[in-house]
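Colleague: I am new to this structure and would like to learn how to read it. Please show it to me, and then I will ask about its features.

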Amino acid sequence: LTNINLQVNYGEILGVAGIAGNGQVELMEILSGEINCEENHQILLDKIPIGKTNINERRKLGIETIPEERTFHATVPNLTLCENTFLTYFFKYNNDKNLISNLLNNPQNSMDESRKIVKNNDVRCPEINPLASQLSGGNLQKFILGRSLANNPKVAIFSQPTWGVDIGAATAIRQKLLDLSQIGKAVILISQDLEEIFELSDKICVINTGILSEIFDVREISAADVGLLMGGKSEEIQKMEPIK
């Protein structure tokens with residue numbers, strides 16, 4: 001990543017377009033807290049530096065991230081939905097700070113929350129508390145999304161949220177993103193799907209070879225121009241004015 005500079009406001013969706021392999025994974029890792037910022041870089045939430053905090057600390061501050069990989073990254077496939085919920089929010093249930101013993105001794109203490117997530121997000125399950133691996137891609141993604149939003153985040157960051165899911169699930173997921181912005185949450189959408197980017201975003205930027213473009217109002221940039229930026233041909237763009 002080089003010279004990354006972006007801002008997202010409450011009540012808007014910032015779309016980050018780009019071809020796979022151009023820095024999206026690294027950008028997600030920095031924003032989520034999987035990788036901390038270097039000394040001369042920073043991330044601010046409400047003007048407070050959070051670049052050195054980890055994922056769980058950022059969750060407590062109101063930042064939720066939904067990674068591209070549903071299995072092994074967002075969920076443990078051979079654990080139940082209840083157990084996966086526990087792992088995400090163990091700090092809610094884990095007073096003695098001993099994660100493993102608490103999970104083994106109280107495996108059901110996140111069951112009520114897990115059931116609410118399933119009900120509120122229309123997650124179709126083959127049984128009451130299935131393994132994550134038993135769900136279809138679309139239903140697993142709805143569960144992951146619902147689990148993250150159950151924490152009522154200030155900021156939600158999504159990477160390829162509708163990749164590999166059916167049309168019905170994709171429609172439901174996209175509506176969730178729109179609902180978030182409409183109730184005043186800040187949303188960052190990292191996606192290769194230009195149709196999705198233009199359908200959902202208020203502002204758009206493009207990542208190419210680890211470099212982020214200027215940020216543009218969605219009404220002032222065309223899909224063709226975004227395509228050129230994705231291909232690294234910014235010199236061919238005409239009549240584009242970045243947001244000041």
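Colleague: Where is Phe72 found?

Modeller: Phe72 is in the loop between strand S4 (63–66) and H3. Helices (H or I, at least four residues) and strands (E, at least two) are DSSP runs numbered from the N terminus. Before going on, note that this is a predicted model, where local features need pLDDT of at least 70, side-chain atom pairs count only at pLDDT 80 or more, and totals for chains, interfaces and linings use all residues. Residues are numbered from 1 along each chain as its sequence is written, and side-chain values use heavy atoms, with hydrogens and water left out.

Colleague: Which residues other than glycine have a positive phi?

Modeller: Most residues other than glycine have a negative phi, and most peptide bonds are trans. Here Phe72 has a positive phi, near 75°. Asn3, also not a glycine, has a positive phi of about 50°, and Asn3 lies in the segment before S1.

Colleague: Is Phe72 buried or exposed?

Modeller: Buried means under 20% relative accessible area, exposed over 50%, and partly exposed in between (1.4 Å probe, protein chains only). Phe72, at 70% relative accessibility, is exposed. Asn3 is exposed as well, at 67%.

Colleague: How many elements does the chain have, and what share of its residues is buried?

Modeller: There are ten helices and nine strands. Of the 244 residues in the chain, 50% are buried.

Colleague: Why is H3 described as largely enclosed?

Modeller: Helix H3 (residues 81–88) has six of its eight residues buried, so H3 is largely enclosed by the rest of the structure. Those buried residues are Leu81, Cys82, Asn84, Thr85, Phe86 and Thr88.

Colleague: Which residues touch the most other members of the largest nonpolar core?

Modeller: In soluble globular proteins, nonpolar side chains tend to be buried together. A nonpolar core is a set of buried Ala, Val, Leu, Ile, Met, Phe, Trp, Tyr and Cys residues joined through side-chain atoms within 4.5 Å. The largest one has 32 residues, and Phe143, Phe158, Leu177, Leu189 and Val226 touch the most other members. Helix H7 (residues 137–149) gives the most to this core, with five residues. A second, separate core of 20 residues includes Leu14, Cys37, Ile188 and Ile215.

Colleague: How many disulfides are there?

Modeller: A disulfide is a pair of cysteine sulfur atoms within 2.5 Å. By this rule the count is zero. Cys37 is buried, with a relative accessible area of 8%, and Cys205 is buried at 0%.
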